[in-house]
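Hello,

Here is the structure I promised to pass on to you. Please open it first, and then read my notes below with the picture beside you.

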2 protein chains.
Amino acid sequence: MTLRIYGDSISGNCLKVKWTAERLHLPFEWIETSVLKAETRTPEFMALNPAGQVPLAILEDGRPLSQSNAIMLHLAEGSALVPVDAYKRAKMFEWLFWEQYSHEPYVAVVRFQVAYLGKARESLEARLIERGDAALARLETQLQQTPFLVGERLTLADIALVAYTRVAHEGGFDLSQYPAVTDWVGRMETALGIIRSLGVLPCVCRPA
Amino acid sequence: MTLRIYGDSISGNCLKVKWTAERLHLPFEWIETSVLKAETRTPEFMALNPAGQVPLAILEDGRPLSQSNAIMLHLAEGSALVPVDAYKRAKMFEWLFWEQYSHEPYVAVVRFQVAYLGKARESLEARLIERGDAALARLETQLQQTPFLVGERLTLADIALVAYTRVAHEGGFDLSQYPAVTDWVGRMETALGIIRSLGVLPCVCRPA
């Protein structure tokens, strides 16, 4: 059975799994599953993932796996996206956990509230915006030192972090304040084959 | 140089790193660093970790590593705490990312606000308590099926999740509602050598 990825194309957490699979040339079937239309809450989907969340991968042997960064790691193990050097690999993990704890809950949440729920940015908790900016500033500090987050080579850390960073402006964050981040976003979009004017590349679903 | 771990003994994120090092019989120096006393914000500490956070590991070669789960993974790589089977390893990662995204921000945050900042539980956002209980319920569901989170063997997922689960009652969560979790907490405390009546074992610091 082909790898199946259930995901929502407006979700960075879902897209990072898709980009990883594409970059590794893995055959997969993408099943568009809208959070806003509550397609993650249907009985059919809940039977696959009782947590009612995307992304969800159904592996070739039929076993399920959730959590975007866990799926990426599983797909990419042994590939050039995971450093062989133990310290670099540890730094990649440091960024992956930081992404879920200190970046996504601010940058992605503000963007979702503003761009998808139509809330005024000014009505949000100030803390969300402050911490989102702090996360972007931390990326800037690193990317002024190295071309990618863990050094000279693109790793899963870059794919995970670029997913919501590249759309941070949709939440009102001013990326022009972060020139090294802006440059890196451009390089990552080229590397991952993302066409900005179209948002995301249309999914090429392969037959199951 | 001996591995150094800067950590605060009231922080589950710090203790899980300590427990991992102890379980692996790694020599290490524990440097008690209090968050409440702002010892993570001194110029000396900020020079080691500009993020001003613990835990922080300074590896044998002097290089720094932060993010509790990234440090645990680095210390435990190749040990029995990380499953060899690729799917089990992926499930371990699923729990580790879930811990930082869906458990710690609720169970640990409520406990910190109530037990350390002295806030009334009723004054907290209801969402924090609801999601904390949802996280505990999810652990219960798994632990009714398998003795440890990833199956028959204790992995890093158990060490990471037990850290704040075992003190959830300090935030007013009623662990007696979750019998399989309570049983697992007891087994984990025994396995990790944690003496409940003393809180945590006194640190045996080894000379640097």
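Predicted model: local features only at pLDDT ≥ 70, side-chain atom pairs only at ≥ 80, totals over all residues.

Let me start with the place where the two domains of chain A meet. Across the interface of domain 1 of chain A and domain 2 of chain A, one salt bridge is found, a salt bridge being a side-chain nitrogen of Lys or Arg within 4 Å of a carboxyl oxygen of Asp or Glu. A:E99 also pairs with A:K16 in a salt bridge, where the closest N and O atoms are 2.8 Å apart.

Residues are numbered from 1 along each chain as its sequence is written, chains are lettered from A and ligands numbered from 1 in the order in which they are written, and side-chain values use heavy atoms, leaving out hydrogens and water.

Where do the domains of chain A run? Domain 1 covers 3-80 and domain 2 covers 86-192, with bounds that come from an automatic or database domain assignment. In the contact between them, 16 residues come from domain 1 of chain A and 20 residues from domain 2 of chain A, contact meaning heavy atoms within 4.5 Å. The C-alpha centres of the two domains lie 21 Å apart.

About 1,500 Å² is buried between domain 1 and domain 2 of chain A, and carbon and sulfur atoms give 65% of that. Buried area is the accessible area (1.4 Å probe) that two parts lose on being put together, summed over both. On the domain 1 side, A:I10, A:W19 and A:R23 supply 35% of the area buried against domain 2, more than any other three residues.

UniProt, in an unreviewed entry, places the feature "domain: GST N-terminal" at residues 1-83 of chain A; such positions are given in the numbering used here, feature names are shortened, and annotations may be inferred rather than shown by experiment. That span is 33% helix and 19% strand, and its end C-alpha atoms lie 29 Å apart. Helices (H or I, at least four residues) and strands (E, at least two) are DSSP runs, numbered from the N terminus.

Now to the two chains. In chain A, 25 residues are in contact with 25 residues of chain B. Together chain A and chain B bury about 2,600 Å², with 61% of it on carbon and sulfur atoms.

Two salt bridges cross the interface of chain A and chain B. B:E77 forms a salt bridge with A:R89, and their closest N and O atoms are 2.0 Å apart. Eight residue pairs are in polar contact between chain A and chain B, both at pLDDT 80 or more. Which elements of chain A give two or more residues to the side that touches chain B? They are β4 (64-66), α3 and α4 (86-116). The largest share, 14 residues, comes from α4(A).

Over all chains, the whole structure has 20 salt bridges. One of these salt bridges joins the side chains of B:K18 and B:E22 (3.2 Å, N to O). B:K18 and B:E22 both lie in helix α1 (residues 12-23) of chain B, four residues apart, about one turn of the helix.

Finally, some backbone details. The peptide bond from A:V54 to A:P55 is cis, with omega near 5 degrees, and A:P55 lies in the loop between α2 (43-48) and β3 (56-58) of chain A. In chain B, the peptide bond from B:V54 to B:P55 is cis, with omega near 0 degrees. A:A38 is not a glycine, yet has a positive phi of about 60 degrees; A:A38 lies in the loop between β2 (28-32) and α2 of chain A.

Best wishes

Key:
Polar contact = N/O pair within 3.5 Å; in protein donor to acceptor, adjacent residues only side chain to side chain.
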